[in-house]
Amino acid sequence: MSALARIATTILDALLPPRCLACGASVDRQGGLCPACWGGLTFIAPPLCACCGMPFEFAPNGFGASGDVLCGACMAEPPPFARARAVLVYDDGSRPLVLGFKHGDRIHAADAYGAWLARAGSDLLAEADLLVPVPLHRWRLFKRRYNQAALLAQAAGRRAKVPVVPDLLVRRRATPSQGGLDRGGRRRNVKGAFLLKKGTAGRVKDKRIVLVDDVLTTGATLAECARVLLRAGAMRVDVLTLARVVKT
Ligand SMILES: [Zn+2]
Ligand SMILES: [Zn+2]
């Protein structure tokens, strides 16, 4: 750490004593978690579905031979994005991190999450031309003051040295909450909700793009964003999220 960075860290610690990113207990460094919260996190690790990144409980037959084993859902209906990867299982352990980052102004956590995203998404980021966050509708952005997906994209982009275009996609209508909707309902809910920002088609054509969001639930929102980018000529769209729902 440079002398300047050390001074900056000391000043930050004095202004904002380091707190656990999940529960707020005091910890020894910025961007850390207390041992209890750390122990409650489930980091996603192989074996995974080569497409959607769903972790397999057991390595399926043939896993590792081709390296391209797909889960049943991806075989039945391949999503428009090529690969999705996530850092954490979305569960009781990671929920406080995700919600605190989305609604609780714990935006100082972005740097730590950026490092996690860079690791979980290293294969995707190594081949990416640009990172694009899932946009918020402008009213929601106005109320919340920041887009958590854009902060994650910027933090991951800094780590992986990949350019970020925060406003490439525009949400043209505020979609009602996806909660309580089934797969088909979620898909209809987000259909047509996103647009490419005017005058940006040239930035998308033939590019490998990684979409970034905080949580992948059914993937309906991310799939819809991927469709918009692919229709505009993107060569490939991958997805990187902080957490993902894993059905057990
Ligand atoms: Zn904690
Ligand atoms: Zn899959």
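Which domains does the domain assignment of the protein give? The domain assignment, which is automatic or taken from a database, gives domain 1 (1–35) and domain 2 (82–244). This is a predicted model, in which local features need pLDDT of at least 70 and side-chain atom pairs count only at pLDDT 80 or more, while totals for chains, interfaces and linings use all residues. Residues are numbered from 1 along each chain as its sequence is written, chains are lettered from A and ligands numbered from 1 in the order in which they are written, and side-chain values use heavy atoms, with hydrogens and water left out.

**View 1. The contact between domain 1 and domain 2 takes six residues from domain 1 and eight residues from domain 2.** Contact here means heavy atoms within 4.5 Å. Between them the two domains bury about 600 Å², 70% of it on carbon and sulfur atoms, where buried area is the accessible area (1.4 Å probe) that two parts lose on being put together, summed over both. Leu21, Ala22 and Leu33 supply 71% of the area that domain 1 buries against domain 2, more than any other three residues.

**View 2. The zinc ion (ligand 2) is coordinated by the SG atoms of Cys49, Cys52, Cys71 and Cys74, at 2.3 Å.** The site of this zinc ion is tetrahedral, with angles of 105 to 115° among its four donor atoms. Along the sequence its donor residues are spaced C-x2-C-x18-C-x2-C.

Methods: Donors = N, O, S within 2.8 Å, 3.2 Å for Na, K, Ca; no water. Tetrahedral: all angles 85-135°; square planar, octahedral: opposite > 155°, others 65-115°.
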